[in-house]
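Visitor: I would like to learn how to read cavities, pockets and a helix in a model. Please take them one at a time.

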Amino acid sequence: MPADTKRRTNRERIAARRAAEAAARARAERRRRNLLAGTVAGIVVLVALVVVIVVQTHRTSTSATAAAPANAAGTEIVVGSATAPVTVDLYEDFQCPNCKAFEAESGSTLAQLIAAGSVQAHYHGMAFLDTSANGKYSTRALNAAAAVVAAGGPTAFQKFHDLLFTHQPVEGGSGLTDDQLVQYASQAGATGTKVASAIQNLTYGDWVKKATDQASKDGVTGTPTVLVAGKKLADTSAAGLTAAVTAAAAG
């Protein structure tokens with residue numbers, strides 16, 4: 001065999017061997033990647049499962065014997081006549097600026113409708129705007145509202161509710177102090193050491209968690225959420241609220 005032909009044949013054998021080795025390495029790398037992907041996917045599923053378990057544990061971790069405020073209907077605070085033809089459900093957080101805007105725009109109209117016997121309002125408190133900066137103000141404010149309704153009933157609650165939105169602290173800043181909450185409770189007609197103790201010791205803290213959890217179960221994703229006769233109110237202006245109540249009363 002000529003020398004040139006022999007050298008070409010050797011080169012071809014070497015090239016073929018290298019190509020086979022490269023293909024083998026590529027197959028091994030694909031197997032390694034597939035194994036890694038499967039492992040990562042398994043870890044993701046496991047982490048997701050753990051997150052779900054933690055969330056569900058948190059959602060149901062409150063004590064069945066936790067203190068609940070008198071004069072409240074479960075996790076709702078009801079204001080107005082039981083014979084009112086229309087029910088208005090309000091989901092609010094006392095730290096929510098949009099809730100304050102709603103109350104400034106439509107709160108007095110709602111109060112008039114309640115006083116006239118046209119509406120029974122169901123207040124669903126939420127506490128999801130807690131921060132370390134505001135000293136978990138959302139929770140403390142709703143706990144204080146529970147203390148007020150327990151001691152003074154729905155009328156005192158409504159006054160306290162309005163006072164807290166009127167004097168709402170700036171979002172991102174420090175919340176009202178417990179002493180200020182006690183002061184506003186007194187202005188609303190809920191006085192005494194029992195009220196002050198309930199506010200300062202977060203007596204209704206578990207009830208606040210249950211109320212917030214229930215709002216989530218109700219499908220509420222933002223505040224304020226207002227329902228008139230079970231239908232979400234799109235126009236939350238005073239005129240929009242009045243029109244919706246009138247339409248609901250008419251059937």
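Visitor: How do the residues of the lining of the largest cavity divide into nonpolar, polar and charged?

Guide: First, the ground rules. This is a predicted model, in which local features need pLDDT of at least 70 and side-chain atom pairs count only at pLDDT 80 or more, while totals for chains, interfaces and linings use all residues. Residues are numbered from 1 along each chain as its sequence is written, and side-chain values use heavy atoms, with hydrogens and water left out. Ala, Val, Leu, Ile, Met, Phe, Trp, Tyr, Cys and Pro count as nonpolar, Asp, Glu, Lys and Arg as charged, and the others, Gly among them, as polar. Here the lining holds 6 nonpolar, 3 polar and 1 charged.

Visitor: What is a cavity, and which residues line the largest cavity?

Guide: On a 1 Å grid over the protein atoms alone, a cavity is a set of points where a 1.4 Å probe fits but cannot get out; lining residues have an atom within 4 Å of a point. The count comes to 1 cavity of 30 Å³ or more, and the largest cavity holds about 80 Å³. Its lining consists of Ile-77, Leu-90, Glu-92, Phe-94, Tyr-123, His-124, Gly-125, Leu-142, Phe-157 and His-161. Two or more of these residues come from each of β2, β3 and α3 (137–166).

Visitor: Which element supplies the largest share of the lining of the second largest pocket?

Guide: A pocket is an open set of points with protein on both sides within 12 Å along at least five of seven lines. The largest share, 8 residues, comes from α2. The volume is about 180 Å³. Of the 14 lining residues, Glu-103, Ala-104, Gly-107, Ser-108 and Asp-162 lie nearest the centre. The lining divides into 6 nonpolar, 5 polar and 3 charged.

Visitor: Which residues of α7 are buried, and which are exposed?

Guide: Buried means under 20% relative accessible area and exposed over 50%, with a 1.4 Å probe and protein chains only. In α7, Ala-238, Gly-240, Leu-241 and Val-245 are buried. They lie on the same side of α7, because they cover an arc of only 165° around the axis, taken from the directions from the helix axis to the C-beta atoms. On the other side, Ala-239 and Ala-250 are exposed.

Visitor: What do the buried residues of α7 pack against?

Guide: Contact means heavy atoms within 4.5 Å. The partners of these buried residues are β2 (86–92), α2 (97–115), β3 (119–125) and β4 (225–228). Just after α7, Gly-251 has a positive phi of about 85°.

Conventions. Helix = DSSP H or I, 4+ residues; strand = E, 2+ residues; numbered from the N terminus. Points joined across faces, edges and corners; volume = space filled by probe spheres on them.
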